[in-house]
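Hi there,

Here is the structure I promised to pass on to you. Have a look at it first, and then read my notes below.

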Amino acid sequence: MAPELIDPERVKQELLQAYPAKVGRKRAGQMVVNRKDTPGESPEIVANVRTTPGIITQRGCCYAGCKGVVLGPTRDIVNITHGPIGCGFYSWLTRRNQTRPPTPESENFMTYCFSTDMQEDQIVFGGEKKLQQAIQEAYDLFHPKAIGIFSTCPVGLIGDDVHAVATEMREKLGINIFGFSCEGYRGVSQSAGHHIANNQLFKHVIGRNNEPAPGRFRIGMLGEYNIGGDAFVIEELLDRCGITLTATFSGNSTIDNFERAHTADLNCVMCHRSINYVADMIQKKYGVPWIKVNFIGAEATAKSLRRIAAYFEDAELSERVEKVIAEEMERVLKAQAECQPRCQGKLAMLFVGGSRAHHYQLLFTELGMRTVAAGYEFAHRDDYEGRQVLPKIKIDADSRNIEELHVEADPEHFRPRVNEERWKSLAESDMELNDYAGMMTDMEEKTLVIDDISHHEMERLLEIYRPAVFCAGIKEKYAVQKFGIPCKQLHSYDYGGPYAAFEGAINFYYEIDRMVNAQVWSFIQPPWDKHAGPTLEAAFVKP
Amino acid sequence: MISALSNPTKGPAFAASRNSCKLCAPLGACLAFRGFEGAVPFLHGSQGCATYIRRYTISHFKEPLDIASSSFGEAAAVFGGRENLRVGLENVVRQYAPQMIGLATTCLAETIGEDVPMLVRQVMGEMRGRVCPVVHVATPSFSGTHAEGFRAAVRATVDVLAQPGPRHAAVNLMPGIISPADLRYLKEIVADFGLESILLPDYSETLDGQAWDEYQRMPPGGTPLDAVRRSGAAQASIELGAWGDPERSAAGLLSARFGVQHIPLPAPIGVTHSDRFFAALERLSGRRTPQKHRDERGRLIDSYVDAHKYVFGKKAVVYGEPDLVLGLVGLLVEVGMAPAVCATGTRGVGLRQQIVAMAPELDSACILEGVDFVEIEQQARAAHCDLIVGSSKGYGMARRLGVPLVRVGFPIHDRIDGPRLLHIGYRGAQQLFDRMANALIEQSQDNSPIGYSYM
């Protein structure tokens, strides 16, 4: 029996203390103590709302989500940042996107950072001319098949029309050129940027090539960004199972693959936060059903593979999948048995992403570790509470500004992949057809769920819970480690990884084992050892 | 020694930047503000700027760096960010109880033309209870780089805080963007002359801290604000890596407003530049250079003599902030290397003029201002360079050219020792020389069929 957790309500009050009343009220809605008394229902949380000015947030901006996250890992598109230099520079390979061009000569523009490097003149008189010139230069240099234009804050304000420039240059050069209105001030976080990016891909890229990839079992992978080579191991795994990957959005991706993404027979959604709406749109327009998958965690990987096999209803495929799972699980269990005794019962916290904080809990569970607090950086309510909550989410001014595309079945290319009867049985199965569970469902009772955690709250949590490991990003890493607590970066993986699929799970076990048990921590005397006394901390059970 | 290149001043005139060799102005400002005790950097504009800058700077320093933001949304972008600024400043004051807030503007606030000084006056006037000085600096990236943002932030801090007073013997030091290790060494040198130094700024502890016994929200260190106040009555300001209009530097301001003697010097990188710095300290202190430093200089010269054959005549590519490039060129020239390509992303610094004034033989070298890495790489390839000296951003180029990269300056995000690298003074020259010579030796060793292992 696991030791009882400290009273999370008290922790919550403790965290809120530092804020002025109004800010405190707002933050209180974004901090929820998990309850599991009503099956299928999670407590309501406030999410996807603006960060209060002056509160140090983990969040980035719309541009970061659009350019860095979604289009960052696509190798054969030239991305031009339209704006002053900073935004382009900071998004230059910083997400550690990896890609594998088929030959050394194949197109790969990811290592380039194009920017119009706007100067005062363009701010005053407009930057469209310079943008045209930049597009022409990029074209002359590389003759790429596509060019994307990413707007930074000043662009929308000075009234540059990047879409008009894109249209003009598309006609002039005869290649696919499209723009993104992803100015940093739009929306409340990078989530807005994901949406803007995906909408444009849907409008300008998906559906341009109707030639399906060869293969019997064709799937699309949505919301996998190839951090640390995750997409590579997933690709290899699917390949071993005989499953064809038509396109991944957008890890290790190409424009060519995006163009025929709609020819898959099943879409698998991994990070639902960043892309569930694309899965919906492809389903509506082209008839490709989508299910939820997750390749983080060995169990979850096995489950996802079985879902895919079950969807295709093919005995041979199922057999092959089972064989792969059996082979891999042997290695996985061996690694688990080695690492688990040293990690068992230790506490973890995850504050990252829009799905990662959920998915990585499964890996910790496999190590015998407990997640006591978790939250997302840019999630919406459905990521916490489950997709069923979508109709209940109030649309506010910030979400209204993000375009919702109106999609109808394509008269020529809509092709239902399953009949009504089959759809019904899929919907009744545990396949999560058009569905995903929220993070809270998978968390223990009395754990703390915090949306858009602030720097201050993070510090207090560390002091109060003294977790064995804290998962976040580079901005938090060194503050966490000043507490004598290891911080695992789940954005860049600390240049480790891959952590996806079976191979990734094994990597993760060893990594966490090392982090949690490394000798170096013994040299740092943590504050609570010095000041044991009648403080709030002292009242908590040390697991 | 240096072959004339096809296009010695500027590559083809590209409108776009391809792999930029400069960062944005607010980054420089945040870095500078972090060097004042109890200061919290605050960016007025989009929250993404604070996040990007934190993300980037932290990967170099590997230390926490809190930067607050007024987190503009669409409404603020259209109607102005007064309310965001008010709430933001109030929250920062409440959470950090800072001694100072360093308020830099982002492109967004600058584009909509926010009257920040007025807003700050209003907002701070309304704030009850604790208040602290707010130092505002305008840092639109469309008219300046990180190097300029840094200088502007130091100048703005001095502008707000420095006071007149009876002249005292302390020396103001404007070090420019150098490593925390450099800053610590700088303090040591000046102290060895028996002088008090006022570093403007000093992030040697705040951005290269220790493991703490107790968590501290505000990292210890930074130049105390009282010292900044006293900078107006210091006996002199030594501005290292001085370039451009003195009116835009803190030392220029202190000279014009309070008559503090302004001593502009190149960044003390290499023997020649360091000698000038030590000479200035001798003059100001009335003391000879202490034996410890004379010994270090002696050992450095001895190593130059012993090892110059490994570097002599080698063609180097140098890039970075203007002051760093100028300093490095001094070092390269004095050991007999040929700085074939000298480049900075900053514009309007008179880099050619300054380099040629220092080393007339470099008149035919490729000296570039306002350039990007694609252009630097083209010139490096044309020059058949042997060594690249600069930030981690040159790694791709080094890899493609098959030439070693000696990492210096900022940003160094693919090695662990960025904040601990020494560049300045005799000790820094020793490290740089050793690292450059070793890089070249390693290259020829690796490429040798025998793999020589004795000197």
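Strand 4 (residues 146-151) of chain A and strand 5 of chain A run side by side in the parallel sense, joined by 5 bridges. Helices (H or I, at least four residues) and strands (E, at least two) are DSSP runs numbered from the N terminus, and two strands count as paired if DSSP finds at least two bridges between them. Within this pair, Ile147(A) sits opposite Ile177(A) of strand 5.

Before you go further: this is a predicted model, in which local features need pLDDT of at least 70 and side-chain atom pairs count only at pLDDT 80 or more, while totals for chains, interfaces and linings use all residues. Residues are numbered from 1 along each chain as its sequence is written, chains are lettered from A and ligands numbered from 1 in the order in which they are written, and side-chain values use heavy atoms, leaving out hydrogens and water.

Is strand 5 of chain A buried or exposed? Both of its faces are covered, with Asn176(A), Phe178(A) and Phe180(A) buried on one side and Ile177(A) and Gly179(A) buried on the other. Here buried means under 20% relative accessible area, exposed means over 50%, and partly exposed is in between (1.4 Å probe, protein chains only). Because 5 of the 5 residues of strand 5 (residues 176-180) of chain A are buried, this strand is largely enclosed by the rest of the structure.

Chain B has an open sheet of 4 strands in the order 3-2-4-5, with parallel pairing. Strand 3 (68-69) and strand 5 (134-137) of chain B are at the edges with a single partner strand each, so one side of each has no neighbour in the sheet. The partner of strand 5 is strand 4 (residues 100-105) of chain B, paired over 4 bridges in the parallel sense. There, Ile101(B) has Val134(B) as its bridge partner.

Now for the charges. How many salt bridges does the structure hold? Over all chains there are 59, where a salt bridge is a side-chain nitrogen of Lys or Arg within 4 Å of a carboxyl oxygen of Asp or Glu.

- Glu259(A) and Arg208(A) meet at 3.1 Å, N to O. They link distant parts of the chain, 51 residues apart: Glu259(A) is in helix 11 (residues 255-259) of chain A, and Arg208(A) is in the loop between helix 9 (190-204) and strand 6 (218-224) of chain A. Glu259(A) is buried, at 14% relative accessible area.
- Lys477(A) and Asp494(A) have their closest N and O atoms 3.0 Å apart. Lys477(A) is in helix 20 (residues 474-482) of chain A and Asp494(A) in the loop between strand 14 (487-489) and helix 21 (501-517) of chain A, so the pair ties together parts 17 residues apart in sequence. Lys477(A) is buried at 9% relative accessibility, whereas Asp494(A) is partly exposed at 23%.
- Asp363(B) and Arg352(B) meet at 3.5 Å, N to O. Asp363(B) is partly exposed at 47% relative accessibility, and Arg352(B) is also partly exposed, at 22%.

Happy exploring!
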